[in-house]
Amino acid sequence: MVELSTIARPYAEAAFSVAKTGTVSQWSDWLESWSTLASNAEVQALVSNPKLSHDEVLGLFVELSKTQADAHAVNFLRALVENGRLLALPEIAHQFAELKNAQEGASEAVIASAFPMADNDVQGVVAALEKKFGTKLKVTVEVNPALIGGVCVTVGDQVLDSSVRGKLDAMKVALTA
């Protein structure tokens, strides 16, 4: 079975090459909007209905998305519909965001905290992380009470876990080894 990332890559690259003409942020917004819509279970059932033609699926998807997409974007959606790849939109949007970040010299980061963080605390953590990684970070902050305390930061494939849960797990491993 082919990985979803393998299926999504050429579509993300094609969208990015068209978007580089000056509409990268607009394409990013469209892809995020479409990704959210494609992730909806009711929409997935609708676009998977074999009784609907490609044009009907495309029309419904454009109408439901309520985006003012240009002709290139609608043609992109048409290609996804005709090739049965509309449900790959979340992965396409993810890969597009990675291409956009690479062009901007930035990386995605997720800061998971046991408790809500104040803005100045987030800014302090972000500043330290940008210094450590040497790149601009686009940060998403999540609250995860399972961490008990502290934070767990994910930047790309690197994880910095300074949470109480992480320390307890490390202690458990050390005691059982």
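Buried means under 20% relative accessible area, exposed over 50%, and partly exposed in between (1.4 Å probe, protein chains only). The model is predicted: local features need pLDDT of at least 70, side-chain atom pairs count only at pLDDT 80 or more, and totals for chains, interfaces and linings use all residues. Residues are numbered from 1 along each chain as its sequence is written, and side-chain values use heavy atoms, without hydrogens and water.

View 1. Strands (E, at least two residues) and helices (H or I, at least four) are DSSP runs, numbered from the N terminus. Glu142 has a relative accessible area of 41% and is therefore partly exposed. Beyond its neighbours within four places in sequence, Glu142 is in contact (heavy atoms within 4.5 Å) with Val110, Ile111, Ala112 and Ser113. From Glu142 to His72 the C-alpha separation is 35 Å, and the two are 70 residues apart in sequence.

**View 2. The largest nonpolar core, with 29 residues.** A nonpolar core is a set of buried Ala, Val, Leu, Ile, Met, Phe, Trp, Tyr and Cys residues joined through side-chain atoms within 4.5 Å. The members that touch the most others are Leu31, Trp34, Phe61, Phe76, Leu86, Leu89 and Ile92. Two or more residues each come from α1 (4-19), α2 (24-38), α3 (41-47), α4 (54-65), α5 (71-82) and α6 (89-104); α2 gives the most, with 7 residues.

**View 3. Contacts of Trp34.** Apart from neighbours within four places in sequence, Trp34 contacts Phe61, Ser65, Thr67, Ala69, Ala73, Phe76, Leu77 and Leu89. A second, separate core has 9 residues, among them Val122, Val126, Leu137 and Val151.
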